[in-house]
Amino acid sequence: MNHLQNVSRRGFLKAGLGLTIAIMIPGCTKSPDSETAAIDAVMENAILFEPNAFVRIGADNTVTVIAKHLEMGQGTYTGLATLIAEELDADWAQVKVEGAPGDAKRYNNLAWGPYQGTGGSSAIANSFEQMRHAGATARAMLVQAAATAWHVPASEITVKAGVLSHASGKEANFGAFAEAASTLAVPETVTLKDPKDFTLIGKVAPRKDSKAKTNGSAIFTQDIQLDNMLVAVVAHPPTFGATVISFDDKDARAVKGVVNVVKIPSGVAVLASNYWTAKKGRDALKVEWDESKAFKKSTDAIIADYKVLVTKPGNVARKDGDALGVLGKSKKVVSHAYVFPFLAHAAMEPMNCVVQLKDGICEVWNGNQLHSIDQYALSAVFGIKPEAVKINTLYAGGSFGRRGNPQSDYIVEAAHVVKAVNSQQPIKLVWSREDDMQAGHYRPMYVHKMNATLDEQGFPSAWHHTIVGQSIAKGTAFEGQMVKDGVDSTSVEGASNLPYQIANLQVDLHTTNDSVAVPIQWWRSVGSTHTAYAAEVFIDQLAKIAQQDPIAYRLAMLKDKPRHAGVLRLAADKANALAKKEGVRQGRGVAVHESFNTFVAQIVDITIDAENNLIVDRVVCTVDCGIAVNPDVIKAQMEGSIGYALAAALTGEITLKDGVVEQSNFDGYPVLRIAEMPTVEVHIVPSAESPTGVGEPGVPPLAPALANAIFAATGKHITQLPIGDQLSA
C-alpha cells in the first residue's frame, strides 16, 4: 500500500495563491478585495484531504480518485472509482477521476512488481484490494474527525451516500470534515466491507468518462496545445530496416509554416506550427533510402518458410506423457495446419505524444500505457534519470496494446526530434493512420500445426501442437520475465495451458525473430488470439470424427475444469435451439477459452445466403470474471471485444509485398461497421471469486466459434485467417 503524508494545504495555498492568480490572469487589474475573493474561490475547491495516493477530498465535497491505469475506452476509470467509492460510502455523483502521473513508487501495477502500466487485463484484478483499502482508510479518518467534533464515539457514526450522520441529528458531508481529517494519523489497518453490504460493486453505475467524451471536454493528446509548441511529422523508411542516405529539404522548407527539417534515427522529421503544414512539408520532402539491409520478403514467402519449420518440433513449452511416442505408433493421426496474419491495432486515435525537455526535466503529455518503460526509454535518450521524466496521463482513443510498446517506439521518436532540434520548445509528434498502418508494430504472423490421435471412445489420447512465429518479448525489458528456455510465454499462452484432459500432450515453439524483421508487439489478448483458434477449431474437427456433439465433447474433457465447463453450460443453455430459416444455410459454432484468468464461452449463429454472403446473426457470450464490479462495463467489454475480433476474423490482415506493407488505411484494413455487428447477448456467471480482467478475454473465442459455425453450415474447414472471400472459393 502506498501512502501520502497528511498535510494541511491551506496555509501553503494562502501563501502562494496571490502569485499564482496573477500569473493565470494576465492583464487583470487586481484590487485587494478581488484578490481575496479569488483566493476564497480557489480555496473552496482546494484539496484538503489526501489520506493516500488514490483519494483526494476537497472543501467543495468532491472526491477525486487518482486512477493508476490508463483509460483507453475499457472503463477502468469507472471500475477503480467504484472500488474506492464503495468503501468510502461516497455518493457516485460526487466522485471524479484523474489519471495518475508517472510514478511507479506510488502507482505500480501490483501484478507486475515495480512497474507502472496498464495491460494484460490486470487493472481491476491488481487494484481490487488496494483501492478498497484506500477508500476505507479515507472513510475511517472522516468518521474520526466527525466523532471528535461531535463528541460522540466513532462507532455511532454512519456514512451513506457521502453523508456522515449521528443519531443525535448531527449530519455533514465529507467536505465539512476534510481539513480536520487531514490532521489525523493514517490508520494502519482498516476493515473492508463484507460483500453482502456492497452498494456499488455489482451494480450498474454510469461511466465516469462518458459525459466528457460526449460533450467534447475530454482531453486527448491531440487536444494539447502549449505555448510555442511545434508539431512534428516523420518520413519513415518504405521498408523495415532501411535507413536514410540523404535528403533534399528545399521544397519542404518552402512550404509556408515549416520551421525545421531534421534527421533522426527512424527517418526525417518535418516541424511546423501545426499538423497539416508539417504534413505538406513531409510530402514535399525528397529522401534517398538505403534498403540494402532492409527486410524484403513477401507474405507468401514468410508463410512458406513457417510451414517448413512447423513440421519440426521446437522448444518445448509443455510436455505431459509422451505425445510424440503415442503419435508415432498410431495408425491414424489427424493433422491440420493453421495460418494467422500480421494484424494492425487500428486504434481510432493514431499514435501521438508531446515531449518537452527543459532545464533537465522531460515532461510528456500522452495516453501512456507503460509509464515506467517510457520513463526509462526517455531517460536513456536524454541522459537524465527516469525520475526526471514527468508524465501527464491523458485519455487514449483506443490502444489494443499499441500504446504499450515495449520499445516505447513513438515516444522515443518524439524524444529524438526534441534532441535533434536542441530546443526547449514542446514538440507534438503526430502519426497519421497511414504512418501507423505502414510503419507501425503488428501482431506477429503465426503458423500452427496440430496432430492428434483418438482413443476408442473418440477422445484424443495424444495431442501435439507446434507454433511458429516471432517473440514479442525477446530483446525487450520483458525478456527476463517472459522468455524461459527459448519459449516466449506470450507465444504459447492458451496452448501450453490447454484445459482439456489429455494424457499425452506436447506444445512447442519455433521463434523466428532472426529471420523476420517486421516490428511486432502484443495485440488485444496477445497469444490467445491465435492459440484459441487453433485449439478450438481442431477440437471441433476431432468431435466431428468422433461423431459427437461439440459441446458435449468438450464438457467430457473438462471434468476437472469447473469454470470452463460453467461458462460452456451457461452458453448452451442461453443459446436455445437454432431458429430455422428457409432457403439458406445455417450453422452454429462454439468455443471456450481462458485468458488472463477470465473464462469466456461464445456460441455463434450464422447464415450463408445463396450468393455465399456470410451473415453473423447472433453471438451468445458467457463470462466468469469473478466478482462483477460493474456488470454494464463487463457487458460493454464483451460486446466491444466481439466486434473487434469479428473484424479481424473477417478481413483483418497486414500483408507484405517485397517488404512493403500493402494496407494504408481503413479502406484496405476495414473495421466493423455498425450494420455488420451481430446481436450480442452477454451473461455473467455469479461469483464470489476475486475479480479478473475483461478488457481482452472476450476476443479469443469469437473467431474459432465463427469458423466452427461455418464448418457446421458448409463443411468448409477454415485453416487460414482472415476468412475473406474463402466461402466463394
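I began with strand S19 (residues 446–454) and strand S20 (residues 460–469), which pair in the antiparallel sense over nine bridges. I note that the model is a predicted one.

I then looked up a residue position within this pairing. Met450 stands opposite His465 in S20.

Next I asked which sheet holds these strands. I found an open sheet of five strands, running in the order S13-S23-S20-S19-S14, with mixed pairing. I identified its edge strands as S13 (315–320) and S14 (334–340), each of which pairs on one side only. From one strand to the next, the twist averages 10°.

I turned to what lies against the sheet. Helix H17 (residues 528–545) packs on the sheet and touches S14, S19 and S20. I recorded an angle of about 150° between the direction of H17 and that of S14.

I looked up the second largest pocket, and its volume is about 710 Å³. I found 36 residues in its lining, and those that lie nearest its centre are Phe240, Gly241, Ala439, His441 and Pro519.

I asked which elements give two or more residues to the lining of the second largest pocket.

Terms used: Residues numbered from 1 in each chain as written. Predicted model: local features only at pLDDT ≥ 70, side-chain atom pairs only at ≥ 80, totals over all residues. Heavy atoms only, no water. 1 Å grid on protein atoms, 1.4 Å probe; cavity = no way out; pocket = protein on both sides within 12 Å on 5 of 7 lines; lining within 4 Å. Points joined across faces, edges and corners; volume = space filled by probe spheres on them. Helix = DSSP H or I, 4+ residues; strand = E, 2+ residues; numbered from the N terminus. Pairing = 2+ DSSP bridges. Axes fitted to C-alpha atoms, helices over the stretch in contact; angles between N-to-C directions. Contact = heavy atoms within 4.5 Å.
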